[in-house]
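Time to open the notebook.

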Amino acid sequence: MLAIAAGASVANVYYAQPLLAELAHAFALAPALAGWVVAATQAGSVLALLVLLPLADRLDRRRLLRLQMGALVLALLGLAAANSSIGLLLGMVLVGLLGTALTQGLIACTAGLAAEHERGRAVGTVQGGVFIGLLLARVVSGAVATVAGWRAVYLLSAVLVATVGLLLWRRLPAMPAPTVLPSVRALYAGMLAMLRDNPALRERGPLALMLFAGLNVFWAAVPLPLSAPALGWSTAAIGALGLAGAFGAVLAARVGQWMDRGFAHRVSLAALLLMLLSWWPLLGLPQSVAVLLLGVVVLDLGGQALHVSNQALLLRAPPQQHGRLVALYMLFYALGSGVGGALGPWLQMRWGWAAVCAAGAAIALLALGWWGLWRRAGVR
């Protein structure tokens with residue numbers, strides 16, 4: 001149920017991406033301004049990581065999840081009723097804020113509920129739900145909007161989040177707040193101390209940055225050669241390419257089990273090698289679509305395995321730190337995603353697909369070197 005709830009909440013952050021043309025037409029937005037819709041959602045996501053998620057370490061998490069789900073339902077209904085561009089952008093900020101806070105809060109909640117010997121498997125299962133929600137968001141929003149318009153996407157999501165929220169509220173056990181409550185000021189100041197003092201975060205945070213930079217170098221650049229006259233893929237076909245990465249979601253729970261059995265370093269090494277090797281078949285675009293699909297599967301398998309192993313290691317910390325640790329980790333994720341998303345299309349337009357693959361392989365090699373340095377320091 002936690003995995004379903006996490007998938008339903010994270011999907012709200014990505015529903016708008018296939019709807020940009022329809023939203024621009026409905027609100028008379030210039031094409032150059034349509035990107036602000038996605039930017040507003042991402043701005044809300046960053047605010048959630050900085051402001052809302054750390055509160056999970058101070059409040060009753062069951063009650064906090066209930067409040068966030070209720071607020072997300074109201075934000076979705078408000079967005080569906082928006083009749084101006086200001087209302088649209090404000091609704092996107094709120095949906096990004098609450099959807100991200102709820103998703104990552106559910107992961108922190110999962111880690112707190114799970115026993116230590118099964119924490120990796122539980123976190124991996126919920127992370128698999130997040131990944132499936134992310135993959136299906138674009139497909140579902142495009143299909144629903146085609147049949148019933150863009151407002152129906154957010155109305156349907158409001159019903160889904162409300163239903164899952166009610167079921168989860170009845171089943172979740174109580175998760176009381178810590179006995180000794182830190183002040184709000186101490187809570188946020190503690191995040192800086194974690195960056196300085198937590199070795200797992202110092203190792204895995206930069207790994208997350210490089211992981212998502214590499215993934216987004218590919219995903220931001222690949223629509224350009226696929227939509228070019230040589231191949232002429234439609235927008236729907238390009239979006240469906242993401243479904244090739246669904247194997248990563250199936251692998252997530254298994255990766256968590258391997259982490260519980262003490263194979264953290266082996267899983268990380270295998271994931272990093274997969275991400276490095278994936279760029280060889282990806283270089284085959286546009287000569288072979290089959291080879292491209294193989295590369296996508298290998299890239300997402302490696303990326304998902306590394307992401308789950310990173311989170312499983314971080315969440316071995318005491319439960320009262322989980323909210324802030326997830327927030328800090330996801331800030332590295334957001335920075336890496338932004339860098340990769342900007343770099344990929346620029347390289348494709350400037351030097352072509354070979355330069356995109358070279359950059360992706362270089363990032364993977366850099367991540368492998370970073371991991372190797374930390375292992376060498378750990379042996380010493």
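Predicted model: local features only at pLDDT ≥ 70, side-chain atom pairs only at ≥ 80, totals over all residues.

Before I write down any surface number: accessible areas here come from the Shrake-Rupley method with a 1.4 Å probe.

**Entry: the whole chain**

I looked up the surface of the protein chain first, and it comes to about 16,800 Å². Carbon and sulfur atoms own 70% of that area.

Next I counted secondary structure and got 17 helices and zero strands. The radius of gyration is 20 Å, close to the 21 Å from the globule rule for 380 residues, so the chain is as compact as a globular protein of that length. The C-alpha atoms fill a box of roughly 65 × 55 × 30 Å along the principal axes.

How much of the chain is buried? I found that buried residues make up 50% of the 380.

I also checked the contacts with a separation of 6 or more, and residues 24 or more positions apart account for 84% of them.

A general reminder to myself: in soluble globular proteins, nonpolar side chains tend to be buried together. Here, the largest nonpolar core has 108 residues, and Met92, Tyr154 and Phe218 have the most contacts inside it. Helix α9 (residues 199-221) gives the most to this core, with 11 residues.

I picked Phe218 and asked which residues it is in contact with, leaving aside neighbours within four places in sequence. My list reads Trp279, Leu282, Leu292, Val296, Leu299 and Trp353.

Val296 was on that list, so I followed it up. Val296 sits in helix α15 (residues 289-314). Is Val296 buried or exposed? Its relative accessible area is 0%, and buried means under 20%, so Val296 counts as buried.

Not counting residues up to four places away, Val296 touches Phe218, Trp219, Leu241, Ala244, Gly245 and Leu282. I looked at Ala244 in particular: Val296 and Ala244 are 52 residues apart in sequence, yet their C-alpha atoms are 6.6 Å apart in space.

**Entry: a greasy bit outside**

Back on the surface, I found a nonpolar patch made of Ile132, Leu136, Val139, Val140 and Leu243. Together they have about 360 Å² of accessible area. Leu243 is in the loop between α11 (235-240) and α12 (246-260). Its relative accessible area is 37%, which makes Leu243 partly exposed.

**Entry: salt bridges**

How many salt bridges are there? I get four.

Glu118 and Arg121 make one of them, at 3.2 Å from N to O. Glu118 is partly exposed at 28%, and Arg121 is partly exposed at 32%.

Arg196 pairs with Asp197, with the closest N and O atoms 3.1 Å apart. Arg196 counts as exposed at 55%, while Asp197 counts as partly exposed at 47%.

Then I checked Glu203 and Arg375, whose side chains meet at 2.7 Å, N to O. Glu203 lies in helix α9 and Arg375 in helix α17 (residues 353-379), so this pair ties together parts that are 172 residues apart in sequence. Both Glu203 and Arg375 are buried. I also noted that salt bridges with shared partners join Glu203, Arg204 and Arg375 into one network.

Conventions:
Residues numbered from 1 in each chain as written. Heavy atoms only, no water. Core = buried A, V, L, I, M, F, W, Y, C linked by side-chain atoms within 4.5 Å. Buried < 20%, exposed > 50% of the residue type's maximum accessible area, 1.4 Å probe, protein only. Helix = DSSP H or I, 4+ residues; strand = E, 2+ residues; numbered from the N terminus. Contact = heavy atoms within 4.5 Å. Patch = residues over 30% accessible without salt bridge, like charges linked within 9 Å, V, L, I, M, F, W, Y side chains within 5 Å. Rg over C-alpha atoms; globule rule 2.2 N^0.38 Å.
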